[in-house]
Protein chains: 2
Amino acid sequence: MPKRADLSDTFCPVGRSAELLGDRAVLLILRDLFFGRRRFEAIAANTGLGPQLVSARLKLMEREGVVERHAYQERPPRHEYRLTAKGKDLFDVLYAMRNWAERWAYAEGETGAGPAMRYVHRACGTDVGTSTVCPGCGEPLRYGDLKGEPSEALRAEQAARTG
Amino acid sequence: MPKRADLSDTFCPVGRSAELLGDRAVLLILRDLFFGRRRFEAIAANTGLGPQLVSARLKLMEREGVVERHAYQERPPRHEYRLTAKGKDLFDVLYAMRNWAERWAYAEGETGAGPAMRYVHRACGTDVGTSTVCPGCGEPLRYGDLKGEPSEALRAEQAARTG
DNA sequence: CTTGTCACTATGATTATCATAGTTACGATG
DNA sequence: CATCGTAACTATGATAATCATAGTGACAAG
């Protein structure tokens with residue numbers, strides 16, 4: 001491809017987000033980071049992306065300020081990647097994607113009974129379904145408010161990928 | 001590229017969404033459709049994408065059931081593209097992207113005073129800022145509840161692109 | 001001193017994307 | 001009736017991103 005058009009200076013907010021988020025690899029890496037996977041190899045294994053692509057995208061995300069590279073030990077040198085505040089604030093986007101998929105992207109009963117990924121509001125214990133506001137207590141849902149529990153099908157799939 | 005890994009059968013909901021939404025062109029086309037642009041040429045002009053790419057993505061989106069091709073006149077044959085219910089339900093994703101960008105992707109005062117795109121809750125007239133719940137009346141915000149008003153900077157940019 | 005782990009980098013084949021130009025179907029203008 | 005204009009595309013060739021696979025550097029353990 002010739003260099004794709006740059007959207008980083010458009011005044012449209014969706015355009016600016018699309019520069020970073022309009023990329024499969026970035027979305028998958030973000031998903032893993034939100035899920036608590038911080039190490040390079042773990043992300044590469046679970047996403048199924050090649051190490052070159054993971055490396056390139058993590059560098060991009062670091063430049064964009066959504067992740068931070070952090071040494072968790074010196075000898076041998078080992079690093080992990082953490083979401084910054086700007087990165088954590090992408091939770092709403094990923095959660096909206098999840099909600100949409102749960103509503104539209106599965107065949108009847110494909111994940112057994114219930115959603116592929118169940119979320120419970122920590123504060124009140126309510127299963128939030130696919131709402132942006134807790135159906136129990138009415139509070140808007142933010143990053144950290146929810147406890148996710150993967151369905152049996154999803155757990156099995158992840159186990160197969162990560163060995 | 002070699003054929004990229006297929007995510008349409010993963011059990012992860014973010015993965016399933018990423019298959020469609022992890023693509024700049026799809027996001028830009030969705031943005032335009034939400035904004036009321038339904039004609040092929042209008043979308044191509046405003047997004048800046050080539051007609052080949054717009055054509056390919058609209059076909060993909062039709063296969064995925066998020067848009068419908070609709071003839072609005074017979075002679076000469078003219079078509080427009082409309083969001084289906086499944087497509088309209090992507091509003092939360094685009095809105096979350098917009099909110100994130102408004103909070104993080106602009107330099108101080110870059111769009112003048114206020115956001116690049118202002119949204120007002122139709123039901124109560126409150127400026128919703130970057131919330132998912134109306135700060136005035138507390139209602140969750142859905143597609144159709146909001147009236148968008150582009151900033152002067154954004155209006156000028158769009159006018160320049162669409163001639 | 002060989003094997004193993006983590007975090008990458010290098011290489012080559014394949015394919016998506018862009019810019020530009022061309023096509024089809026018609027209506028309107030001169 | 002020949003040309004111009006518009007909408008909605010399709011065709012072509014150059015360029016660049018992606019994938020699979022293999023390899024590197026730093027260390028630790030056996």
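How many residues of chain B are in contact with chain A? In this predicted model, 52 residues of chain B touch 52 residues of chain A.

**View 1. The axis relating chain A and chain B.** B:G22 is the residue of chain B that comes closest to the rotation axis, its C-alpha lying at 2.2 Å.

**View 2. Buried area between chain B and chain A.** The two chains bury about 4,700 Å² between them, and 67% of this is on carbon and sulfur atoms. On the side of chain B, the residues that lose the most area to chain A are B:F11, B:R24 and B:W100, which together make up 19% of what that side buries. Of the interface residues of chain B, 100% are also interface residues in chain A, so the copies meet through the same surface.

**View 3. Salt bridges and polar contacts across the interface of chain B and chain A.** Polar contact is found for 22 residue pairs across this interface, both residues at pLDDT 80 or more. Six salt bridges also cross the interface. In one salt bridge, the side chain of B:R24 meets that of A:E19 at 3.3 Å, N to O.

**View 4. Elements of chain B that touch chain A.** Two or more residues each come from α1 (13-21), α2 (24-34), α5 (85-88), α6 (91-104) and α7 (152-162) of chain B. With eleven residues, α6(B) gives the most to this side. By class, the residues of chain B on this side are 30 nonpolar, six polar and 16 charged.

Technical notes:
Residues numbered from 1 in each chain as written. Chains lettered and ligands numbered in written order. Predicted model: local features only at pLDDT ≥ 70, side-chain atom pairs only at ≥ 80, totals over all residues. Heavy atoms only, no water. Least-squares fit on C-alpha atoms with pLDDT ≥ 70 in both. Contact = heavy atoms within 4.5 Å. Buried area = accessible area lost by both parts, 1.4 Å probe. Salt bridge = Lys/Arg side-chain N within 4 Å of Asp/Glu carboxyl O. Polar contact = N/O pair within 3.5 Å; in protein donor to acceptor, adjacent residues only side chain to side chain. Helix = DSSP H or I, 4+ residues; strand = E, 2+ residues; numbered from the N terminus. Nonpolar A, V, L, I, M, F, W, Y, C, P; charged D, E, K, R; others polar.
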